[in-house]
Amino acid sequence: MTFRKSIIDIQKIKSSGKKISMITAYDYSSGYLAEKAGVDIILIGDSMGQVVFGYDTTLPVSMEDIIRHTQMVVRGTENTHIVSDLPFMSYQVNVDQAVLNAGRLVKEGGCQSVKLEGGASMGAQVKAIVNAGIPVMGHLGLTPQSVNQLGGYRVQSRSKSQIRKIFNDIVELEKAGAFAVILELVPREVASALTQKVQIPVIGIGAGPDCDGQVQVFHDLLGLYKDFTPKHSRIYANIGDQITKSLGSYVADVISGDFPDDEESFHIEPGVLSDVFE
Ligand code: KIV
């Protein structure tokens with residue numbers, strides 16, 4: 001039996017001074033490709049709400065959605081650590097619901113850990129889930145499930161009071177037992193100071209290069225999501241344009257009759273057809 005990368009392996013990457021690589025994936029093929037590329041952690045993110053389902057926000061994503069897509073990624077991978085997002089309203093209401101839903105992601109989805117958004121106010125949930133034996137990753141800065149309170153997807157923690165709050169939040173998450181924390185859309189200087197403040201790995205997205213690792217959305221790195229390209233992403237390949245161009249060639253070949261040709265067709269033995277229609 002082979003074990004996937006554990007939270008201990010992830011923490012060891014930090015202590016060895018290497019950077020942690022993390023990417024989202026949402027199905028069998030994207031999981032398979034991400035693992036082949038050598039990422040340490042795959043996140044089944046509720047960003048699937050936007051890049052897979054086409055919603056404006058992550059809020060409509062359900063437990064069933066995350067479980068189903070976690071199962072797909074798990075089937076496409078062998079060694080990578082899999083963390084799944086607890087969707088909006090699956091953990092905020094109370095600790096019991098948080099533990100039960102974290103348990104469903106592990107038991108039915110097959111992930112090794114769960115991620116939830118929020119700091120000190122989520123301390124009780126983090127503690128209870130960890131006490132149930134399930135590792136928890138925190139998520140601070142821009143927390144997309146609170147988009148209606150934040151008023152949009154913008155950089156957080158620029159003012160002194162916000163910086164004091166995020167310092168307290170990360171310390172409280174570490175005390176509650178979180179094994180790592182995502183920092184999203186936080187100024188580089190703040191992210192750098194937060195990374196030095198705690199022992200647990202800090203993984204950034206739009207938080208500059210000084211974090212212990214980086215996470216990005218699969219579709220953003222590959223030019224697959226055309227609605228919006230975040231400033232913090234780097235487009236490593238314009239696969240979306242390549243797909244459109246390739247499918248355009250297919251459409252043209254169908255219309256012209258060039259596809260399929262005889263090589264792409266199946267045949268019967270000579271004489272069979274004439275026997276049938278004799
Ligand atoms: O859902 C997601 O993809 C995330 C990342 C942005 C960290 O939470």
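Predicted model: local features only at pLDDT ≥ 70, side-chain atom pairs only at ≥ 80, totals over all residues.
Helix H2 spans residues 28-37. Its buried residues are Ser30, Gly31, Ala34 and Glu35. These four cover an arc of only 130° around the axis, and therefore they lie on the same side of H2. An α-helix has 3.6 residues a turn, so residues three or four places apart point the same way. Lys36 and Ala37 are exposed on the other side of H2. Several elements cover the buried residues of H2, including strand E1 (20-24) and strand E2 (41-44). Helix H4 (63-75) and H10 are also among them. Just after H2 comes Gly38, with a positive phi of about 95°.

Strand E7 covers residues 202-205. E7 pairs with strand E6 (residues 180-184) through 4 bridges, and the two run parallel. Within this pairing, Glu184 has Ile205 of E7 as its bridge partner. E7 also pairs with strand E8 (residues 213-216), here through 2 bridges and again in parallel. Ile203 stands opposite Gly213 in E8.

Helix H9 belongs with two of these strands. E6, H9 and E7 form a β-α-β unit, and this unit is right-handed. H9 comprises residues 188-197 and contains Thr195. Thr195 has a relative accessible area of 7%, and because buried means under 20%, Thr195 counts as buried. Residues up to four places away in sequence aside, Thr195 touches Lys14, Val202, Asp210, Cys211 and Asp212.

Helix H10 (residues 218-221) holds Asp220. H10 is also one of the elements that cover the buried residues of H2. Asp220 is buried, yet has no salt bridge. The nearest side chain of opposite charge is that of Lys226, 9.8 Å away.

Conventions: Residues numbered from 1 in each chain as written. Heavy atoms only, no water. Buried < 20%, exposed > 50% of the residue type's maximum accessible area, 1.4 Å probe, protein only. Lys, Arg positive; Asp, Glu negative; His and termini not counted. Salt bridge = Lys/Arg side-chain N within 4 Å of Asp/Glu carboxyl O. Arc of directions from axis to C-beta. Contact = heavy atoms within 4.5 Å. Pairing = 2+ DSSP bridges. Right-handed = clockwise from strand over helix to strand, strands pointing away.
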